[in-house]
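Please open the structure in the viewer and keep the selection panel at hand.

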Amino acid sequence: MTEQPPVKLSPVKVGVVWERLSGLMDQVGETCVRTSFSSVVRENYDFAIGLLDKRGRQIAQSRRSVPSFIGTMSRTLTAMLEKFPIETLNDGDVMITNDGWLGTGHLNDITMIKPLFRDGRLIGFIGSIFHTVDIGGAPSPAAKDCYEEGLNIPISKILIAGEENPLLVDILQANLREPEETLGDIRSGFAAYHACAARLFRLLDDEDLPDLEAFADDVLNRSEASLRRAIEAIPDGTYCDTLTADGFDHPLDIRVSVTIKGSDIAVDFAGTTDQIEHPVNSPLTFTQAYSCYAIKCALDPGTPINDGAFRPITVTAPEGCLVNPRRPAPVWGRHLSGHYMPPAIYGALSQVAPDKVIADCGSPLWNVYFKGRRDGEDRPFVKMFFMNGGHGARPTQDGPGCLSFPSNVSNQAIEQFENQVPMLVEEKTLVPDTGGAGAFRGGNAQRLTFRNLGDAPITVTIRHERVANPPRGLLGGEAGAGGIDMINGDRIPSKSQNSIAKGDTVTFQTPGGGGMGPPGDRTADAIRTDIASGLVTPAFAKERYGYEP
Amino acid sequence: MNLHNPDAKTATAYRIGVDIGGTFTDVVMLDPATGKLTNEKVLTTPDDPSEGVLNGVTRILAAGNATSSSVQTVIHGTTLVANALIERKGAKTALVTTKGFRDVLEIGRELRYSIYDLFIDTPVPLVPRELRFEVDERMTSKGAVLRAPDPGALRALAADIRAADVEAVAIVFLHAFRNDENERVVKELLAEALPGITICTSFEVMPQIGEYERTSTAVANAFVQPIFSNYIARLVSEMSRLELPEDLFLMLADGGTVHHETAVKYPIRLVQSGPAGGAQAAAVFGKLAEEPNILCFDMGGTTAKACLIQDGEALKTDNFEVARVFRFAKGSGLPLQVPVIDMIEIGAGGGSIAHVDKLGLIRVGPESASSKPGPACYGLGGTHPTVTDADLMLGYLDAASFLGGDMALSKEASENAIRQALAEPLGLSVVEAAWGIYETVNESMAQAATIHALESGRKVQDFTVLAIGGAGPVHASNLARRMGVRRVICPVGAGVASAFGFLASPTSFEFVRAAIEPVAELDLDRIDAMVRELEEEGRRLVTAAGVAPEDATTSIGALMRYMGQGYEVEVTIPRSVLDARDTAEVESLFVARYEALFGRTEKMETEVISWRVQVSGPKPVLEPTAALIDGPAQKGTRAVYFSESGGFVDTPVYDRYRVKTGEQIDGPALFEERESTIIVPPNAVAVPDAHGNLIIELGE
C-alpha cells in the first residue's frame, strides 16, 4: 500500500500553514507585550500584529487584538504605498503613521509596516499597531479640533534601510512628554519584525512555498466564502435602525441601513447627525472596523480575520457626519460614537436574523479620570478607572452582569486602586432591577461609590453615555436602566468635570443591558431565581413580568 | 521514621505513589535500596475513591511479595479537588465579606474571554448571591483597621448563616492580606456560634492582593474542604486497618508533598496534583538523561498538557484557573491563587474529535469522545474520527497490540469515520485525511507550547521534549520537529508517570505574604522577622511530617517588578542578603533576573509585591533501573506512514523492554510498550540509556 504525500496546498497544508501563521502572529504579539513599556499594551492587549502579502492583502492578525484594529492595516498600507511605491522600498525600511484618518481613528495608535524582502524579492509586509498614552499636544475632552489632540506623524519612514530616521526621531523626542516610552515601544516593534521575518522564512522553507501568494489566495477565498454563506442565509432587503446617543449639547442620531443582496452586505450611515466640535467623532476607518467586527461576531465568528473576511462587506457614511468626519474634527474619544455601530447594526439585523444578534449593552465603556494630590506630595496623580455596564440579553440566554460589548476592558482590583490613590471605595455592587426585562433579561449594572480620604480636593472628569438614552431591548424586550452619576447622593451631569472635597463621595451606576423578547415569555422559574438572588426585586417582577409568587 | 534517606539499608522500606485519574488509579512501588520499580493500574472507583486506592495498594504488595508493614511511605495525588470544582459537587458554602462587596465573586474581571463570541457564559460562582453575606467592617489599604465588626451584628450574622444551613464558610475582607484582624475576629465568633461548620479565612488560604482572585480561592477552599477531609479521614482509617503507615502524604499542585493533616487545611493546594506528579517525574527522568531543561509533554485521552522544567526545577506560577467553561479559554474558569506548576492544557488528546470547519479545513478538538464512547476504533459506539483513529490508520498504533493486546481496535471503524467526516467532504483519501488530523493536532500543540514558553520568557528551542501520557510518545517527535527541538526523551512507565513523580517529590510547604513596598523603602528588619516566623512554621510542618530538622532547607523569594509594570518576576533572595539587610542587593538580583528573562533592563524604580518562603525536606534520590527482558527485541514490521518518506514504509517494530542499553536504532522505527507506542521518524536515531529511557535524536 503506497500513497502519494498530500499535494501542495491541499486542505491539510492550508490548515497547517494557517495554524502556523496565526501562531506566529501570536508569538510576535507576545514578544511585544513582554517588552512593551506601555501598560495599555501589556494589560489590555491594545495592539495588533498583522501579516500582509505583497499585494497588501492582510492574511493573518494576532488573535487577542482589540476590535479597533480589525482590518485597518491594509487600508493604512494602501495609503503608505501611494506615498512610497513598492519599487522605491528597500530592505530594512519601516513606514510609520498615526494619522487618525489613515489608521485607526485617533493619534494615539501608531501603525508601522515593514516590507519583507527575501533574496531581494518583496514577499509581503509585517505590521503592528500599538496604543501610546502620550502623543504630545493637549488631548482633552474639550478639544475642538484634532490639532489639539497631539502630534500627527505623516506617512514617513522611521527606519531607512535599517537606520533610524534622525529627523523623525528628533521630532518625536521634541514633541512628546515621555518620548522614551513611545520610542521604546517603536523600537521593540523593530526587534519583533526581525524575529518574525526569520520565522516566516523558515516556515516558507519548511512548507516548500516560494512566497505567500498561493496560500493567501486560498485562505482569503475560504474566509470570504464562509462569510458569504452566512450572509446568503439572510433574506435580501434593506433593514434600518436609528439609535440615539446622549451627545453633548444635543442628542446624536446614528442611523444605519443594512442592505443584504445575495451574499453581499452593505452598511450605510446616511441620516446620521453631522460631526460635532467635541472629540467623539469617529473617522470612517474606525467606523468600518467596528461595523466589520459587529458583522463578524454575529454572522461568522471563529473564522480568521483577514481581507477575505471583509470582501462581502461595504461600509459607507456621508462625509461630514459623526461617523465619517472631515478634518480637522476632534476624534480622540472616537469610541464614544464607534461603540454604537454594533448595537445599531444589530437593531437592523434583528428584523431578519433575530437568532444572531444581542440587545444593547451598557456600552460605550464608562470610565472616570481622577486627578488630585496625595497628602505630603507635590506631584499630582492622574488615575483612570473603568466600569462596565450590563450585557445585552441574547436570543437564548440572559446577559451577564457587568460585561460589555463591543468594548472589552477588564476592571482593576479595588485593593490595587486604593493603594494608588487616597480614596476609599465604599461599594462595588450589582444593582437590582437594572437589567432590561424580557424573555431573556439584560445583565445587571453595577454601582461604585468613591470617597475622598485626602485633604486635597480631587477632580472627577466623566463623559458618560446611555444616561438619557438607556440600552434598548430587542424584539419586545425592555430597555435596561440608564446610568446615574452622583456626588454626595445628588445627580450630576453625565458629561462634566467636578471637584470633590475631603469626605465627599462620588457614585457611578453604569447602564444595565437591554432585554430580549417579550417579558411575558420569561419562565416563572427564571423569575424565581432572579428574586432569590436579589437581582430582581419582587416589586419589579410584579410590575414588569406580572409575576406574583 | 526516616522518610528521606533512601540510602538507609533498613530491611524493607517501600515507597508507594498512588494517582487517582478519571478512569484508572495508578500505583507505583519503589524499593529505594535496589531502585526496583513496579506498577499497577486498577479501575478508579468514583463513588468512594479510597476503595480503588486500597485495592491498588493491596494488589501491588501482593505482586511484589511485600507486606503492608514493609511500606514506609504512601504518597497520594487525586483529582478529587478539581473534580468537585468542575462538577460543582462541593459543600454548600457561604461567603462573609466586606459591606458593599458581596458581588465581587460574581462580577469577576469584567472581561470577555472570547472576543468574537456573543454567546459566552461566565463561570457560575461557587456561592450563590443569596449565600453571600456582608459585614460592616473595613481595613485601609495600608492595613489599619478603619471599622471593626460590631459584635451584635456578628451574632445576627451567625443566626442568618445557621438558618441558611451551610456546611462551610469562607471569610474574605478587603485588604485582609495585609492585616487579618477583622477576619480572625469574625472567624472566632462564627466558629463558636456554628460548631461543626468548616470556616476558613482568605488570610489563611492565600494572603495575596486582588479581592476577586483571593475571594475565589478562599471560597473554593471552603467548598472542597468538607468532602476532602472526609475522604482523607476514611482513607487514613482504612490504611491503618490494613497496617499501612498512618502518616499519609499528599501531593500538592506545586510539586511538594505534605502530611495529610496539613493537606486537609489547604485542600485547594491539591488542585493539580496529578499533573504536578507528571512534571516531577519529568524532572527526574531529565536528570537521569542529563537534560536539565525539559518541556514535559503529557498527552492523554482528552487533553494535552505542557510545562517547562529549567535546571531541574519545574517552573511555577500562582495564577491558576480551574473548571474553564469554554474550550480551555483563559478567563473562562475560576481563578485560584495557589502555588502550582505552570502548565498549559489544550483540548488535544487521543480522543479529540476531528471535523471540517467553516473554512473547509481540518480542525481537531476541543470536543472529545473521551473514554466513552471513545474513538471510533474502540468499537464502543463512537462514530466521530479522533486523533487515535488517525494514529491507527497511519500505522502508529497497532490494532492488535493496543494496551498490550487487552483491547482490540477496529481499523475499519476508524477508516469509515475518517472517510465520512473528513475524506469525502474534502476530496482527500482516507490516509491523507488521517495525516491531516495528525499534522493539525501536532501543529496546534506546537504553537501552544511555543507561546507558553514565550509567556514565561523562554525559548522552546532551548528545551528537550519529554513525552508522557498514553499518546505523548506517539506525537512527540513530530511535535518536537515543529518546534525546532532536536531531542526527545521517552521514559519508561510513561503511563504511570504521575504516580512515579509523587515518589520524587520532597516534603515541602510554601507560604506567601503580600508586602507591597518600593525597594528603596524596604524595611528589611520587619521583612526578616516575617520571613523567620514563616520559616519557623514551615519547619514545624515538615519536621512533623518526618523530615529530620537538619535536613530541612528554606528558600526565600521575592516577587518584584519595575514600578507600574503589570507582571512580576520571582527573584530568589539568599538568606545572607536578608541577614546583611542589603537592600541594594535585592534590587540588583531583580535587575539581573529581569535581564536574563527579557534581555533588557529599564531605568526605573523597583518594588516588591510579595515574599514567599518555602521550607523543604531533601529531594528523594530516585534511580530506577531498567527491568530489561531477554530475547530478540524486534517483534516484526508493519507499514507506517511518514511524510518524509512520501508514504507508507515497512517499519521495524521493537519491544521497548527488550532493546539493550546503548544499542543505536535508526529511524524509522516503532517501540511498543503496554501503554503507548514510541514513533521514531526517518532521519532520526533512538538510543536506550541505562535507565531504560529512549533518547531520540532528530536529524535536520
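Begin by selecting A:Gly372, which stands opposite A:Phe381 in S13(A). Strand S12 (residues 366-373) and strand S13 (residues 380-387) of chain A pair in the antiparallel sense over eight bridges. Strands here are DSSP runs of E with at least two residues, helices are runs of H or I with at least four, and both are numbered from the N terminus; two strands pair if DSSP finds at least two bridges between them. Between the strands of this hairpin lie six residues, and A:Gly376 takes a positive phi near 80 degrees.

Select A:Phe370 to find its bridge partner in S16(A), A:Val460.

The model is predicted: local features need pLDDT of at least 70, side-chain atom pairs count only at pLDDT 80 or more, and totals for chains, interfaces and linings use all residues. Residues are numbered from 1 along each chain as its sequence is written, while chains are lettered from A and ligands numbered from 1 in the order in which they are written.

Colour chain A by pLDDT, the predictor's confidence in each residue from 0 to 100. The chain averages 92, and 97% of its residues score at least 70. Then select residues 1-7 of chain A, where pLDDT stays under 50 and the model has 16 contacts beyond four places in sequence. Two residues are in contact if their C-beta atoms, placed from the backbone, lie within 7 Å.

Now colour chain A by domain: the assignment gives domain 1 (11-211), domain 2 (226-356) and domain 3 (358-549). Such bounds come from an automatic or database domain assignment. The C-alpha centres of domain 2 and domain 3 of chain A lie 25 Å apart, and their contact takes 19 residues from domain 2 and 19 residues from domain 3. On the side of domain 2 that touches domain 3, the elements giving two or more residues are strand S8 (237-245), helix H7 (284-299), helix H8 (335-338) and helix H9 (341-349) of chain A. H9(A) provides the largest share of that side, four residues. By class, this side of domain 2 has eleven nonpolar, six polar and two charged residues. Ala, Val, Leu, Ile, Met, Phe, Trp, Tyr, Cys and Pro count as nonpolar, Asp, Glu, Lys and Arg as charged, and the others, Gly among them, as polar.

Turn to the meeting of the two chains. The contact takes 58 residues from chain B and 63 residues from chain A. Which elements give two or more residues to the side of chain B that touches chain A? Select helix H3 (104-107), helix H7 (211-241), helix H12 (430-455) and strand S30 (647-655) of chain B. The largest share, 13 residues, comes from H12(B). This side of chain B has 25 nonpolar, 18 polar and 15 charged residues.

Along its principal axes, the C-alpha trace spans about 80 × 65 × 55 Å. Of the 700 residues of chain B, 57% count as buried, meaning that 20 or more other C-beta atoms, placed from the backbone, lie within 10 Å of the residue's own.

Technical notes:
A residue is buried if 20 or more other C-beta atoms lie within 10 Å of its own, exposed if 12 or fewer, and partly exposed in between; C-beta atoms are placed from the backbone.
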